[in-house]
Amino acid sequence: MSSSNSRNNYQHNYNHKHPTIKKGRKRGAVVVSLSILAAAVILGLYYQCLILPAQAASAIDKLNVDGSSTLVKLGEVKIDKVVVDKSARIMQLMSKDKVIRVYHIALGDNPKGHKRQEGDERTPEGVYTLDYKNENSIAYRSIHISYPNEQDIAQAKASGVSPGGDIMIHGQMNGYEKFTQFNQQRDWTDGCIAVTNDEMDEIMAAIEIGTPIEIVW
């Protein structure tokens, strides 16, 4: 009998005689896989709930130190541009190239990169227009971003997909206001830009229809 057949027969006999060892190995592999999955989930939550908000807070603090006009009343200046930095999770209201207000924002579950199609949970990147306000949305007040533009529609058509739409700056989902503090520590929208309800009131009052918005990573 060849050495290969001997090894196979030995393994067969060993497994047959020691079934609990074989089952134990399978259970051990399952436990290891579940442990790895749990660790990945915990790390993801840690990144979203602690690292991202800390990075945003640091970016906001730096902007304030560098001259953000936090004491300027919004009614005293005209907001002529909105700038969103997706990677830093911040949105800035600008007036004559000067930062007037900075807000920490929440995005979709898949925020990196330009929005390409419906359901990709991304916020578009580029220059768009804030073209209308909605007081009756499923979230607390909202301002519409003019995505998709002609280029977005053409690219989606070439790929055989829908470009999606209804990208907004909005407050918290109606009925979930009490979870604001938790929600804003993570990305929870479907591609929109979320702030607190108090911040949304301030933004709605400060921004006029037709204001450009630039969104970058």
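Colleague: Which residue is the bridge partner of Lys133 in β5?

Modeller: Strands are DSSP runs of E, at least two residues, and helices are runs of H or I, at least four, both numbered from the N terminus. Two strands pair if DSSP finds at least two bridges between them. Here, Lys133 has Ile143 as its bridge partner in β5. β4 and β5 (residues 142–145) pair in the antiparallel sense, over four bridges. This is a predicted model: local features need pLDDT of at least 70, side-chain atom pairs count only at pLDDT 80 or more, and totals for chains, interfaces and linings use all residues. Residues are numbered from 1 along each chain as its sequence is written, and side-chain values use heavy atoms, with hydrogens and water left out.

Colleague: What is the strand order in the open sheet?

Modeller: Read it across: β3-β2-β1-β8-β4-β5-β6-β7. That is eight strands with mixed pairing. The edge strands, β3 and β7, each pair on one side only.

Colleague: Take β2. How many bridges join it to β1, and how many to β3?

Modeller: Five bridges join β1 to β2, and the two run antiparallel. Six bridges join β2 to β3, also antiparallel. Val84 has Met91 as its bridge partner in β2, and Met91 stands opposite Tyr103 in β3.

Colleague: Which residues have a positive phi in the turns of these hairpins?

Modeller: The β1–β2 hairpin has four residues between its strands, and Arg89 in the turn has a positive phi of about 60 degrees. The β2–β3 hairpin has two residues between its strands. There, the positive phi belongs to Lys96, at about 55 degrees.

Colleague: Is β2 largely enclosed or open?

Modeller: Start with the general idea. In a regular strand the side chains alternate between the two faces of the sheet. Then apply the cut-offs: buried is under 20% relative accessible area, exposed is over 50%, and partly exposed lies in between (1.4 Å probe, protein chains only). Six of the six residues of β2 are buried, so the strand is largely enclosed by the rest of the structure. Both faces are covered: Ile90, Gln92 and Met94 are buried on one side, and Met91, Leu93 and Ser95 on the other.

Colleague: How many salt bridges does the structure hold?

Modeller: Eight. The criterion is a side-chain nitrogen of Lys or Arg within 4 Å of a carboxyl oxygen of Asp or Glu. Arg89 and Asp187 form one, with the closest N and O atoms 2.7 Å apart. Arg89 lies in the loop between β1 (81–85) and β2 (90–95), and Asp187 in the loop between α4 (180–183) and β7 (193–194), so the pair ties together parts 98 residues apart in sequence. Arg89 counts as buried, at 5% relative accessibility. Asp187 is buried too, at 4%.

Colleague: And what does Arg101 form a salt bridge with?

Modeller: Glu202, with the closest N and O atoms 3.8 Å apart. This pair links distant parts of the chain: Arg101 in strand β3 and Glu202 in helix α5 (residues 197–206), 101 residues apart. Arg101 counts as buried, at 14% relative accessibility. Glu202 counts as partly exposed, at 28%.

Colleague: Is Lys115 buried or exposed?

Modeller: Buried, at 4% relative accessibility. Lys115 lies in the loop between β3 (98–104) and β4 (126–134). Its side chain forms a salt bridge with that of Asp120, at 2.9 Å from N to O. Asp120 is buried as well, with a relative accessible area of 14%.

Colleague: Which backbone oxygen does the Lys115 side chain reach?

Modeller: That of Gln117, at 3.2 Å. A polar contact is a pair of N or O atoms within 3.5 Å; within protein, one must be able to donate a hydrogen and the other to accept it, and residues adjacent in sequence count only if both atoms are side-chain atoms. For contacts in general, the cut-off is heavy atoms within 4.5 Å. Leaving aside neighbours within four places in sequence, the contacts of Lys115 include Tyr147, Pro163 and Ile167.

Colleague: How do I read the ends of α3?

Modeller: Check each end in turn. At the start of α3 (residues 150–159), a side-chain oxygen of Asn149 reaches to within 3.1 Å of the backbone nitrogen of Gln151. After α3 comes Gly160, with a positive phi near 75 degrees.
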